[in-house]
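Here is a short briefing to read with the model open beside you. Take the topics in any order you like.

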Amino acid sequence: MTTWFAERPVGEIRPGDHAWLAYTDREEQDRVIGDFVFDGLSTNEKVVYVTDSPAWELPGLLARHGIDATPFAEVGQLRLLPRDRACLSMGRFDPDRLLRTLSQEIDSSFEEGYRAVRVTTDLSWALREPDGARRVVSCESGFEDTVSRGTIAMAICQVERAHCNPDELQVLQNTHEVLVEVNPEFDDGVLTITRTFAPYGLRLEGELDGVRQSPFVDALAKLSSLQARRNRIHLDLRRLSFIDLGSLNLLGGFALRMPAGHALVLDNLRPDVEQVIDLMGWHLLPGVARGTSGGLL
Amino acid sequence: MKLRHEVLPYADDAAFLETTVPFVREGLAAGDMVLAVTGDRNLERLHGRLGGDAGLVEFHRSQEWYRHPARTLAACVRQADVLARYGRGLRLVGEPVWHGRGPLEVAEWQRVEAIVNVAFAGTGASILCPYDLRALPLSVLDSARRTHPLAARDGGTQPNPGFMDPWAFADTIDRMPLPPVPAEAASLRIDAADLYWLRQFVREYGKAIALEGWELQCLLMSVTEVAMNALRHGRPPVDLRLWVDQQTEKALVCEISNAGHWRPAPGMGLVPPAPTAPSRFGLWAVRLLCSIVQVRTGRAGTTVRLRLAVS
């Protein structure tokens with residue numbers, strides 16, 4: 001069963017959204033959740049975070065935005081709810097309790113006069129419990145009602161990708177209408193460049209040509225400096241409708257400079273673009289490999 | 001490893017086989033990869049005469065092999081390069097197709113013959129080009145003399161006195177004046193560095209003549225490359241013109257002109273980039289993607305005309 005869902009950058013999450021983040025690593029979590037919390041705090045929205053961590057340890061805030069959220073927690077704009085008060089019963093995850101807690105928090109936020117409230121929590125630990133997957137799924141189903149009931153709440157449910165098997169991931173994904181991702185590195189209405197984490201790389205949408213090469217070069221450079229353990233950089237091109245010869249040259253040059261055993265992988269090339277590269281010959285782009293094919297989306 | 005590029009003018013079956021058979025056998029003995037590309041009749045005769053050895057030779061029909069000048073050249077050079085890396089040679093009996101081609105195409109294929117002398121240099125390839133004296137116009141035979149350093153004559157191989165420097169020959173093709181732009185051509189002045197709108201314009205035009213898919217992509221990539229060069233290295237005004245030409249075969253023609261005088265290195269994208277030193281493949285790629293690319297440059301300005309055959 002394929003479920004329709006929207007992929008939305010965190011900057012575009014709106015009230016009524018019940019979003020899902022299966023983060024691959026700390027960097028992705030920092031970027032999405034850090035931006036989510038920061039955007040709320042900086043625009044006078046309420047933020048409710050079910051976590052045992054102190055304010056200054058919340059993902060992404062200090063590292064990305066340079067703020068210690070403790071003062072916000074002190075005045076109540078940031079509401080940190082420890083797990084044992086929000087969602088545990090006898091030391092185990094209790095989905096019903098979580099839903100009740102969050103409903104109450106959303107109602108309070110409304111009464112306090114906030115025009116929006118952002119809710120988030122990391123449920124990786126709950127998945128690891130016996131029968132954890134089923135409980136988290138039942139929680140998520142209830143979440144829909146809780147969040148879309150009013151007009152002021154938006155939620156991101158976080159899970160660390162490595163904690164789920166592919167089936168669980170699919171089931172959990174199906175309980176959400178929105179998948180949240182990082183904000184794009186670049187977007188000028190013609191070209192959008194977004195970091196991807198599973199697989200590691202970039203997603204390019206729109207048209208890439210000479211005038212837009214700088215942001216592309218910058219994005220690639222940032223990737224390779226973080227490369228460390230990764231020997232393949234993936235470019236998701238399913239929504240790239242045009243790439244010029246200069247940019248292909250650039251890809252070839254970039255791939256050449258990668259260390260031995262590394263590759264730049266082009267995934268989901270559109271058939272008409274792929275056929276042109278076939279015509280030119282992939283040997284003109286040494287170090288560039290053809291990845292998965294998926295055609296149009 | 002030296003290139004051998006030889007023309008074989010022949011007037012009957014006997015003359016054809018007299019040279020091609022020993023040429024092929026020599027190649028087999030040397031461990032070359034041997035290809036025979038010619039017309040049906042010659043293929044049959046050569047196959048028959050080679051007997052058991054025929055199984056070691058790859059046979060192709062000229063009509064299927066000589067489809068596109070740059071692409072055919074690129075594929076052959078690539079094959080020769082790969083073989084050379086292992087100390088082997090490419091040995092080709094290659095009879096180009098001349099009939100049923102318009103004058104522009106004929107000129108391009110003649111230029112390919114000239115460029116062979118540069119593109120295959122150092123690959124140790126042996127290329128024997130049969131030209132049928134009974135069937136070909138004098139102009140084609142004449143150009144064959146100028147593009148092959150060697151000729152099969154009197155049962156042996158002789159240097160060809162008429163041989164011309166490949167770049168000089170290529171120049172003669174590039175000096176033929178371009179026919180004028182037809183009055184009904186669509187036109188667009190290019191003054192923005194962002195070529196997104198240029199591509200939209202070309203897309204719309206392409207749609208009107210049912211040009212789509214990868215062929216449309218070829219056009220868009222070529223137009224972007226040429227327009228970008230004109231903006232970066234040329235002088236304004238930079239103009240684009242588009243029309244459909246139906247004189248010989250139906251083709252979409254796109255011309256980009258600017259007021260600058262371009263002095264390119266010899267070759268102008270005519271030679272495939274060397275495999276060991278991949279470099280910017282701009283104009284060479286444009287030649288691969290379009291059917292024919294014509295470049296005219298001088299003090300009055302530079303014009304690049306792209307032709308894409310449309311079905």
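The notes below go from confidence to the chains, then to a sheet and the contact regions.

This is a predicted model, and the predictor gives the complex an ipTM of 0.88 and a pTM of 0.89. Chain A has 11 helices and 15 strands, while chain B has 10 helices and 12 strands. The two chains touch through 21 residues of chain A and 25 residues of chain B.

**Confidence**

- For chain B the mean pLDDT is 93, with 98% of its residues at 70 or more.

**Chain A as a whole**

- With 11 helices and 15 strands in chain A, its radius of gyration comes to 21 Å; that is close to the 19 Å the globule rule gives for 297 residues, so chain A is as compact as a globular protein of that length.
- The C-alpha trace of chain A spans about 65 × 40 × 35 Å along its principal axes.
- Of the 297 residues in chain A, 39% are buried.
- Among contacts in chain A with a separation of 6 or more, 75% join residues 24 or more positions apart.

**Chain B as a whole**

- Chain B holds 10 helices and 12 strands, and its radius of gyration of 21 Å is close to the 19 Å from the globule rule for 311 residues, so chain B is as compact as a globular protein of that length.
- Along its principal axes, the C-alpha trace of chain B covers about 65 × 40 × 35 Å.
- Buried residues account for 42% of the 311 residues in chain B.
- In chain B, 71% of the contacts with a separation of 6 or more are between residues 24 or more positions apart.

**A sheet in chain A**

- Six strands of chain A form an open sheet in the order S10-S11-S12-S13-S14-S15, and the pairing is mixed.
- Strand S10 (186–187) and strand S15 (288–290) of chain A are at the edges, and each has a single partner strand, so one side of each is left without a neighbour in the sheet.
- Within chain A, strand S11 (residues 191–197) runs antiparallel to its partner, strand S12 (residues 200–208), and the two are joined by seven bridges.
- To find your place in S12(A), look for A:Arg203, which stands opposite A:Thr194.

**Where chain A meets chain B**

- Contacts between the chains involve 21 residues of chain A and 25 residues of chain B.
- On the chain A side, helix H10 (245–257) and helix H11 (271–280) each supply at least two residues.
- H11(A) gives the largest share of that side, with six residues.
- Sorted by class, the side of chain A that touches chain B has 10 nonpolar, seven polar and four charged residues.

**The two domains of chain B**

- Chain B splits into domain 1 (4–175) and domain 2 (186–309).
- The C-alpha centres of domain 1 and domain 2 of chain B are 30 Å apart.
- In chain B, 17 residues of domain 1 are in contact with 13 residues of domain 2.
- Helix H4 (69–85), helix H5 (103–119) and helix H7 (166–175) of chain B each provide at least two residues of the domain 1 side that touches domain 2.
- That side of domain 1 of chain B has 10 nonpolar, two polar and five charged residues.

Definitions and conventions. Residues numbered from 1 in each chain as written. Chains lettered and ligands numbered in written order. Predicted model: local features only at pLDDT ≥ 70, side-chain atom pairs only at ≥ 80, totals over all residues. Contact = placed C-beta atoms within 7 Å. Helix = DSSP H or I, 4+ residues; strand = E, 2+ residues; numbered from the N terminus. Nonpolar A, V, L, I, M, F, W, Y, C, P; charged D, E, K, R; others polar. Domains from an automatic or database assignment. Pairing = 2+ DSSP bridges. Rg over C-alpha atoms; globule rule 2.2 N^0.38 Å. Buried ≥ 20, exposed ≤ 12 C-beta atoms within 10 Å, placed from the backbone. pLDDT = per-residue confidence, 0-100.
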